Amino acid sequence: VPKKHLLFFKLFMKRAARAADVIITDSEHSKQDICRHLRVPAEKVRVIYLGYAPTPLPSNLCEVRQRMFDRHGIRQPYLLFVGVIEPKKNLERLLEAFALLRRKHAAFQSLQLVIAGGKGWFYEQVYRKLDVLRLGEAVVFTGFVPDEDLPCLYSGAEAFVFPSIYEGFGLPVLEAMAYGAPVITSRVSSLPEIAGNAGILVDPLDPASLCQGMETVLMNPSARAQMAEAGRLRAQQFSWQRTADETYR
């Protein structure tokens, strides 16, 4: 973690937590971390989940999506990751899992891995791993993707893969489910809370586990369709109205 971030947390966060009458956080996992690291009593911390309101897909979806694909060099089929490129997102192991998938299955040689997100701290490590694995054009880095492009990106993916090691909430998982992308995510941190039974939970530290999750989705169309529907229903449980009501109370 950058030293300036550590300094901020040490000097400011503990003081703010002690001074606050109530602390609101967005997952049970975050509540546990707050109580443990900031040393505040559990009754002072309230968990209120975030919400998400999906934007309706355009009537000319195929046309809009193709224009976006052309801008970024994307072709279907593809797996998708959305998030800042930084160590906690675990992208090096995602690349290893994707390389393993391609080695095991000749049918997936045309499959792309699309990584959509800006460069964060220590992003260079991911590009070095890409060179070592020689994945070349099979991996597409789009850079930052504006919100208006995300619905087309999520809805066109074979699966959304989010192997993060730590998340306070994990909003991209909720976004992907809302647009019917089957979700493969980590069984650690807050991510099981958000995905529930609608996603495939894997060991983020094991590329073979990640690869197995991809195989489950890619090689079983009926399971993929069931996951898409389960994800949509799961996402509907997270509304901004509920977030606002609970915050007001």
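Student: How do α7 and α10 lie relative to each other, and why?
Tutor: Helix α7 (residues 171-178) and helix α10 (residues 221-235) pack at about 120°, so they are oblique to each other. Angles under 35 degrees count as roughly parallel, over 145 as roughly antiparallel, 65 to 115 as roughly perpendicular and the rest as oblique. This is a predicted model, in which local features need pLDDT of at least 70, side-chain atom pairs count only at pLDDT 80 or more, and totals for chains, interfaces and linings use all residues. Residues are numbered from 1 along each chain as its sequence is written, and side-chain values use heavy atoms, with hydrogens and water left out.

Student: How far apart are the axes of α7 and α10?
Tutor: 7 Å. Axes are lines fitted to C-alpha atoms, for helices over the stretch in contact, and angles run from 0 to 180 degrees between N-to-C directions. Helices are DSSP runs (H or I, at least four residues), numbered from the N terminus.

Student: Which residues of α7 and α10 meet?
Tutor: Leu174, Met177 and Ala178 of α7 touch Gly231, Arg232, Arg234 and Ala235 of α10, contact being heavy atoms within 4.5 Å.

Student: On to α4 and α9. What is their packing angle?
Tutor: About 55°, with the axes of α4 (residues 91-104) and α9 (residues 207-218) 8 Å apart. α4 and α9 are therefore oblique to each other.

Student: Which residues does α4 bring to α9?
Tutor: Arg93, Leu94, Glu96, Ala97, Phe98, Leu100, Leu101 and Lys104. On the α9 side they meet Pro207, Ala208, Leu210, Cys211, Met214, Glu215 and Leu218.

Note on methods. Helix = DSSP H or I, 4+ residues; strand = E, 2+ residues; numbered from the N terminus.
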